[in-house]
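I opened this notebook to record what I looked up in one structure, going from the sheet to the ligand and then to a few separate residues.

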Amino acid sequence: MEGLTGFPFRRVHAHFFGAADSYYLPFITPTTLPRFTDRQMRELAPDINLGIRVVPQLLTRRTEDFLWAARALADLGYDEVNLNLGCPAGTVVAKGKDSGFLREPAELQHFLDKIFNADLPIAISLKTRLGWSDENEFDLLADVYNHYPQMKSLTIHPRVRSDFYKGDVRENVFRQYFHCLKMPVGYNGDVITVGDIEKVRSQYAPLAHIMVGRALMADPALFRKAKGGAPATLEEIQTYYDALLESYCVAFGNVKNALMRMKEYWFFQHNLFENAERAVKAIYKAKSMDDYLNATRFIYENCKLKTESHFGWKKELL
Ligand SMILES: Cc1cc2nc3c(=O)[nH]c(=O)nc-3n(C[C@H](O)[C@H](O)[C@H](O)COP(=O)(O)O)c2cc1C
């Protein structure tokens, strides 16, 4: 997730809560210059990701750019590259990239033909939505994807682009197509608790994976619990958050930016505490390290830590 699952998060999360089976990197847009920028290399350099499995993700609709970047990733030692077709952000879809590509199935197929027939030394996986504005669009998209059963996996976020992240996931469509797809299929969307993970697992088999975004920001012990481990203790959460803050202070060389980043985590994280909706506002308003530490201390001391997060970031479809 852009801004949230960068290298400071991955390293600190893996250290304190055990590594996820795979971390998908925030998307990278390859430029026409066939080399990664220094900024991109800060996420991609193999020594940054030592000891954890990482899958880089590309966002592009230019075949040539995908191809050079995929080869460069293989040279860096990666065994999988993910193509993002799920991001709804206006800035990317305006250029026909990402979920904007879903509006043009023929163009998308042409692009996929080229990348799957390029004999790349790296496996390709895709992440998609159901379509642009109508879930029935997935009928055609599923046909397009089925031309490439060799893809490593297809992760489906069962919403259309115009849903953004609002409303309920359209799980009925996922269910309808799950067995019609010829490649390993993964599920993503609104999985918050271990119960949700178990429900998805029990309903869809064989499932390639469950990808979790925001709920892992809220509850860093989610995957540990799903593997039979313990929920996070208050001491763990405090130590984890201190380490994350310190990592961002080092990475940014700047307290103000590090605090801004921590506020993004707290938007999700406060959902792991009882009645923290008001108290978290003091974190959002914090202007200095002292303000921030006082506001977090208030939550640690006054709001009870829960064993499961609630879905406090849910937005209704208007
Ligand atoms: C701030 C933010 C940044 C995101 N960045 C990415 C990204 O770089 N690549 C990607 O595939 N999805 C990205 N997503 C989407 C998530 O990966 C995920 O598909 C979405 O949040 C729904 O899953 P969840 O309910 O488990 O969070 C982002 C989502 C958010 C909220």
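This is a predicted model: local features need pLDDT of at least 70, side-chain atom pairs count only at pLDDT 80 or more; totals for chains, interfaces and linings use all residues.

The entries below follow the order in which I looked things up.

I found six strands forming an open sheet in the order E3-E4-E5-E6-E7-E8, with parallel pairing. Strand E3 (57-58) and E8 stand at its edges, and because each has a single partner strand, one side of each is left without a neighbour in the sheet. I then looked up the pairing of strand E4 (residues 80-85) with strand E5 (residues 123-128), and found six bridges between these parallel strands, with serine 125 of E5 as the bridge partner of asparagine 82.

**Entry 2, strand E7 and its neighbours.** What joins strand E6 (residues 154-156) to E7? I counted three bridges, the two strands running parallel, and noted that isoleucine 156 has tyrosine 187 in E7 as its bridge partner. E6, helix H7 (residues 171-178) and E7 together make a right-handed β-α-β unit. From E7 the chain crosses through helix H8 (residues 194-203) to E8, and this β-α-β crossover is also right-handed. E7 and strand E8 (residues 209-211) run parallel and are joined by three bridges, and here I noted methionine 211 of E8 as the bridge partner of asparagine 188.

Which residues come nearest to the ligand? Of the 15 residues around it, I listed Gln57, Lys127, Asn188, Asp190 and Arg214 as the nearest. The shell divides into five nonpolar, six polar and four charged residues. Glutamate 2 contributes through its backbone, one of whose polar atoms is 2.9 Å from a nitrogen atom of the ligand. The ligand taken alone exposes 600 Å², of which the protein buries 85%.

I looked up the cover of helix H1 (residues 7-17) and found it mostly covered, with eight of its 11 residues buried. The buried residues are Phe7, Pro8, Phe9, Arg10, Val12, His13, Ala14 and Phe17. Glycine 18 follows H1, and its phi is positive, near 85°.

Is asparagine 49 buried or exposed? This residue lies in the loop between helix H2 (38-44) and strand E2 (54-55), and its relative accessible area is 6%, so it counts as buried under the 20% cut-off. A polar atom of the asparagine 49 side chain lies 2.8 Å from the backbone oxygen of glutamate 43. Proline 206, found in the loop between H8 and E8, has 72% relative accessibility and therefore counts as exposed, the cut-off being over 50%. Finally, I noted that the C-alpha atoms of proline 206 and asparagine 294 are separated by 47 Å, the two residues being 88 apart along the chain.

Note on methods
Residues are numbered from 1 along each chain as its sequence is written. Side-chain values use heavy atoms; hydrogens and water are left out. Two strands pair if DSSP finds at least two bridges between them. Helices (H or I, at least four residues) and strands (E, at least two) are DSSP runs, numbered from the N terminus. A crossover is right-handed if, with the strands pointing away from the viewer, the path from the first strand over the helix to the second runs clockwise. A residue is near a molecule or strand if one of its heavy atoms lies within 4 Å of it. A polar contact is a pair of N or O atoms within 3.5 Å; within protein, one must be able to donate a hydrogen and the other to accept it, and residues adjacent in sequence count only if both atoms are side-chain atoms. Accessible areas come from the Shrake-Rupley method with a 1.4 Å probe; for residues, only the protein chains shown count as cover. Ala, Val, Leu, Ile, Met, Phe, Trp, Tyr, Cys and Pro count as nonpolar, Asp, Glu, Lys and Arg as charged, and the others, Gly among them, as polar. Buried means under 20% relative accessible area, exposed over 50%, partly exposed in between (1.4 Å probe, protein chains only).
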